[in-house]
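Subject: Structure handover and notes

Dear colleague,

Please find below the structure that I would like to pass on to you. My notes on it follow directly after.

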Amino acid sequence: MSDILIVDDERDIRELISDILGDEGYTTRLAGNSEEAMTEINSEPPALLILDIWLKDSKMDGIDILKTVKRDNPDVPVVIISGHGNIEIAVAAIKQGAYDFIEKPFNIDQLLVVIRRAMETSRLRRENQELRRNDVQTAEMVGQSASFRAMLGQLDKVTKSNGRVMLSGPSGVGKEVAARYIHAQSNRASAPFVTVSCASIEPDRMEEVLFGRETPERGIEQGLLEQAHGGVVFFDEVADMPLGSQSKILRVLVDQQFQRVGGTGKVRVDLRVISSTSRDLDAEIEAGRFRQELYHRLNVVPIAVPSLAERREDIPVLAAHFIEALNKSQGLPLRELSEDASALMQTMVWPGNVRQLRNLIERVLILGDGNGPIEAKELPSSEEGVTDDDGVVLSGTLATLPLREAREVFEREYLLTQINRFGGNISRTANFVGMERSALHRKLKSLGVVTTNKSGARVARVEKVEEDAE
């Protein structure tokens, strides 16, 4: 995309324009009819297209070529020229996406001004897209726990393919970050990444947002699928997509083309599709809210994104990452996390997962005093809170139990929390709680606590004892 394609059925005109542009330092290609023009465009899209409306002995006129170029190569600016110009033709050309319209015989200086402006506009648009893509590529995958490494290994395996990926996991775990990671590491990294927030788009506007529209008043308005051409479209929370739109998306996945709302022509797209869901799609299918055919099309490679509870080891690493990121983006204090604060955060409940952790870090940095380490007292208290005189406040559950039972409940929950905090590592847990490893094993057995593999990590749980059948 470094030259200008001149399409005109008059040889003298196209050669004259070529000579003028050559003197200005531009590289040109020439075409005398629609067949030659489409061959040149399909072999390598030009940086700019100068296009005559009327082309003798051609299957397509200038408007037809313009429509095709704007459908398949929307970033190529098109300058229309014609000796039969009138207001209606100019308006039609602009509505179809032409940058400008010039009548023959044209003024050379005027032509050069229009070309320079069109090239500059195209350059700025590409730079803007590149800046957005670079911002996408800064979405880092942060962690070191076993469950995180297992997920990252799966993501790395799918980056170089075009296979459709379904990311599943609770809200706030970072499914979009995982999708952006796939895009940034793929051979489509220089192409767009477009997010479709299925939950936030009004159902009656979904098709217009996805497919775009054509109206006599406003011409062509691209939808999100067209904007993602050549790159990745990410359907965030795909279970919230209306059933009617689901069937049309299914057709797009099969045909790689669609019609704009109000349009008649087909728009071809080259897309890689990544989806996410926090719901059980099998249950959604059973309830008739999600199409089974679409599920099978989207769920080619399923990847589960672990919750924060499954990767508690990563909490200090994530917290440090967010502190640094917030310092760079908002100028918030660059503080460290004290050992007590780190330990407390690893034992807290995180229903909002990584998103909740980031929000907490931001709140602490905004409200905190000074630049010293973040202390445990700056964090929200858990169910067992702390009084003004630092005395422990029992939860309602523990307060109603006899001492022996309360101690057993406390020990079980305490050790479950610590084991999960250290990713199922018994040696590290024993060292932290101050017990010999063998003694800890005996204590866990007496409390009915076992460790099992989940998402590539060791997770502690209470073993359920099946009651004998009567």
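Gly434, which has a positive phi near 80 degrees, follows helix 18; helices here are DSSP runs of H or I with at least four residues, strands are runs of E with at least two, and both are numbered from the N terminus. The model is a predicted one, in which local features need pLDDT of at least 70 and side-chain atom pairs count only at pLDDT 80 or more, while totals for chains, interfaces and linings use all residues. Residues are numbered from 1 along each chain as its sequence is written, and side-chain values rest on heavy atoms, with hydrogens and water left out.

Within the helix, which spans residues 426-433, the buried residues are Ile426, Thr429 and Ala430 (buried means under 20% relative accessible area, exposed over 50%, and partly exposed in between, with a 1.4 Å probe and protein chains only). These buried residues fall within an arc of 100 degrees when seen down the axis of helix 18, so they line one face of it; the arc is taken from the directions from the helix axis to the C-beta atoms.

Turning to charged pairs, the structure holds 27 salt bridges, each defined as a side-chain nitrogen of Lys or Arg within 4 Å of a carboxyl oxygen of Asp or Glu. One of them joins the side chains of Arg29 and Glu40 at 2.9 Å, N to O, and this pair links distant parts of the chain, since Arg29 lies in strand 2 (residues 28-31) and Glu40 in helix 2 (residues 34-43), 11 residues apart. Arg29 counts as buried at 15% relative accessibility, whereas Glu40 is partly exposed at 25% relative accessible area.

Arg180 and Glu176 also form a salt bridge, with their closest N and O atoms 2.9 Å apart; because the two are four residues apart in helix 7 (residues 175-185), about one helical turn separates them. Glu176 is partly exposed, at 27% relative accessibility.

A further salt bridge connects Arg260 with Glu214, where the closest N and O atoms are 2.7 Å apart. This pair, too, links distant parts of the chain, 46 residues apart: Arg260 sits in the loop between strand 11 (257-259) and strand 12 (266-268), and Glu214 in strand 8 (residues 213-215). Arg260 is buried at 7% relative accessibility, while Glu214 is partly exposed at 25% relative accessible area.

Finally, salt bridges with shared partners join Asp8, Glu10, Asp52 and Lys104 into one network.
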